[in-house]
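Trainee: I would like a close look at one part of this model, the surroundings of a ligand. Please take me through them.

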Amino acid sequence: MKKSSPLKILIAASEGVPYSKTGGLADVIGALPGELSGLGMQVAVVLPRYRQTKLDKPKILIPSLTVSLGNTLHFPAIWTKKGKEDVEWFFVDYPPFFDRDSLYVGRDGTDYPDNPERYSLFSRCVLEIAKREFQPDVIHCHDWQAGLTPVLMKTAYASDPLLSGIPSIFTIHNIGYQGQFPTDALLKSGLSWDLFTKERLEFYGKVNFLKGALVYSDWITTVSRKYSQEIQTAEYGFGLEGVLQERTGRISGILNGVDYSEWDPSVDRLIAANYNPSNLAGKAVCKKDVMEQFGFKDKNSDWPLLGIVSRFAQQKGADLITAAAEQLLTRNVRLIALGSGEPVYEAMFRDLAKRYPDKVGVKIAYDNTLAHKIEAGADMFLMPSHYEPCGLNQIYSLRYGTVPVVRATGGLDDTIEEYNPNTGTGTGFKFSKVAAEDFLKALFKALSVYSDSAKWKLVMRNGMKKDFSWKNSAGQYLDLYRKLAQKKSASKTQ
Ligand code: ADP
Ligand code: GLC
């Protein structure tokens, strides 16, 4: 294969902007394909069609596929639509599995019990699309929901002439979510008992889809350099560190980019006023606007405003925030938080707002416009995550001049540089130990720099000038795709 020939890249994931989203994975799937297409590649993406997926004039490409799971036949359809930047989108349309209130979790807050069947069907449709409609040079799968695709390629589909030799790349966006199920999931999702061994999908008596992907894919990536090292340790590997250590030569960390056409205060249409590093006036307008959104009157608008936009989950350090809050709120500061997730953390935030009505504002919701307004209106952005594979919000914050205070883990450590008062360099404030006192120390340091407006503006501008656009990261994925695809064509010509 010539170096310059365009590659055909098939991407499979369970969510992607603008069609579906619960978190950062969707942002990545919304941006990476277009960037690869801009580099001259032919790119297609497969997603499920959920109730929240809004499609304008899709085409029904395959009215009925036959997918066998356990003893049952299912008949999903495949829809298609050309998206921005010439990317082709395929949607697995199967209402019994995907036409539901939310993506993964039922009304009672627990995972849908048929998730193994749902995403086994999805992973199989990816392969049928690859065979019939796209004939890719590489298949790039994301997270456990697409994890059976690389497994099936090396097992049930291993002798399929149309798929043979196509390399699979698997990206871990969060190793805390593995797709672990009771053993009966194996048969229900149409997998053979042969796969239920320690070397394959078995994990402490359960079936683990993510483990399967890590064992069977040709290459593993994750979304920051630091996280690629962390997940190979017991502290961060969620039990899969051994599997990863065995594959250590085939793991790389490629930092996510961000989409600055969506997340940049100089063009953002969701915020009250636009601004840029050489004219920050609009940021004060945004601060006033977001304070109003949270019901704070204009008084004390000189107090620093600390923002949070987050899934409320253990991962994101909600416990550290509530533990640090009492002491933090003895100062003249305001805290605004937007998020939703685990009921226990939602309750913690609600309680804080009740106890400090003049200082704390909380919205339990998923609200993209408000997320933009917080990024623009806050002075600081808090992300004290226990672990963070990449994290996008701190990168958005940099561009909005909203100085991040973060725990030095994963992508947070890779993207935020500690402010150094001697040299005037740095973009934020970091702490290492998972401890409220250490988080407070970083916050107090940030607050003391904030009180010196010239210094604070310097930190803001240092961050605003950073460039985390997709160009660089998409180039790294492309190099990897080429390396793997070349190996494939070399082995075919031997
Ligand atoms: P994760 O994927 O672990 O949740 P990231 O920082 O990678 O974390 O990405 C989170 C994405 O989801 C960002 O685009 C963020 O703005 C968005 N987001 C998270 N919670 C909310 C919410 N409650 N309302 C609106 N957007 C949210
Ligand atoms: C995951 C991670 C987050 C990352 C996102 C996109 O949800 O928790 O850190 O930014 O995926 O890769």
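How do the residues of the shell around ligand 2 divide into nonpolar, polar and charged?

Mentor: They divide into six nonpolar, six polar and two charged.

Some ground rules come before the detail. This is a predicted model, so local features need pLDDT of at least 70 and side-chain atom pairs count only at pLDDT 80 or more, while totals for chains, interfaces and linings use all residues. Residues are numbered from 1 along each chain as its sequence is written, chains are lettered from A and ligands numbered from 1 in the order in which they are written, and side-chain values use heavy atoms, with hydrogens and water left out.

Now the shell itself. There are 14 residues around ligand 2, where near means that one heavy atom of the residue lies within 4 Å. His173, Asn256, Glu388, Cys390 and Gly391 come nearest. By element, helix 1 (residues 24–38) gives the most, with three residues. Helices (H or I, at least four residues) and strands (E, at least two) are DSSP runs, numbered from the N terminus.

Next, the polar contacts. Each is a pair of N or O atoms within 3.5 Å; within protein, one must be able to donate a hydrogen and the other to accept it, and residues adjacent in sequence count only if both atoms are side-chain atoms. Glu388 puts a polar side-chain atom 2.5 Å from an oxygen atom of ligand 2. For a polar side-chain atom of Asn174, the distance to an oxygen atom of ligand 2 is 3.4 Å. Gly391 uses its backbone: a polar atom there is 2.8 Å from an oxygen atom of ligand 2. On its own, ligand 2 has 310 Å² of accessible area, and the protein covers 93% of it. Such areas come from the Shrake-Rupley method with a 1.4 Å probe; for residues, only the protein chains shown count as cover.

The bounds come from an automatic or database domain assignment.

The centres of domain 1 and domain 2, taken over C-alpha atoms, are 33 Å apart. Across the boundary, 19 residues of domain 1 are in contact with 20 residues of domain 2; contact means heavy atoms within 4.5 Å. The two domains bury about 1400 Å² between them, and carbon and sulfur atoms give 52% of that. Lys226, Tyr236 and Leu255 supply 27% of the area that domain 1 buries against domain 2, more than any other three residues. Buried area is the accessible area (1.4 Å probe) that two parts lose on being put together, summed over both.

Around it are 21 residues, of which Gly24, Asp27, Arg311, Lys316 and Ala365 come nearest. A polar side-chain atom of Asp27 is 2.6 Å from an oxygen atom of ligand 1. A polar backbone atom of Leu392 lies 2.8 Å from an oxygen atom of ligand 1. The protein buries 94% of the 560 Å² that ligand 1 exposes when taken alone.

Notes. Ala, Val, Leu, Ile, Met, Phe, Trp, Tyr, Cys and Pro count as nonpolar, Asp, Glu, Lys and Arg as charged, and the others, Gly among them, as polar.
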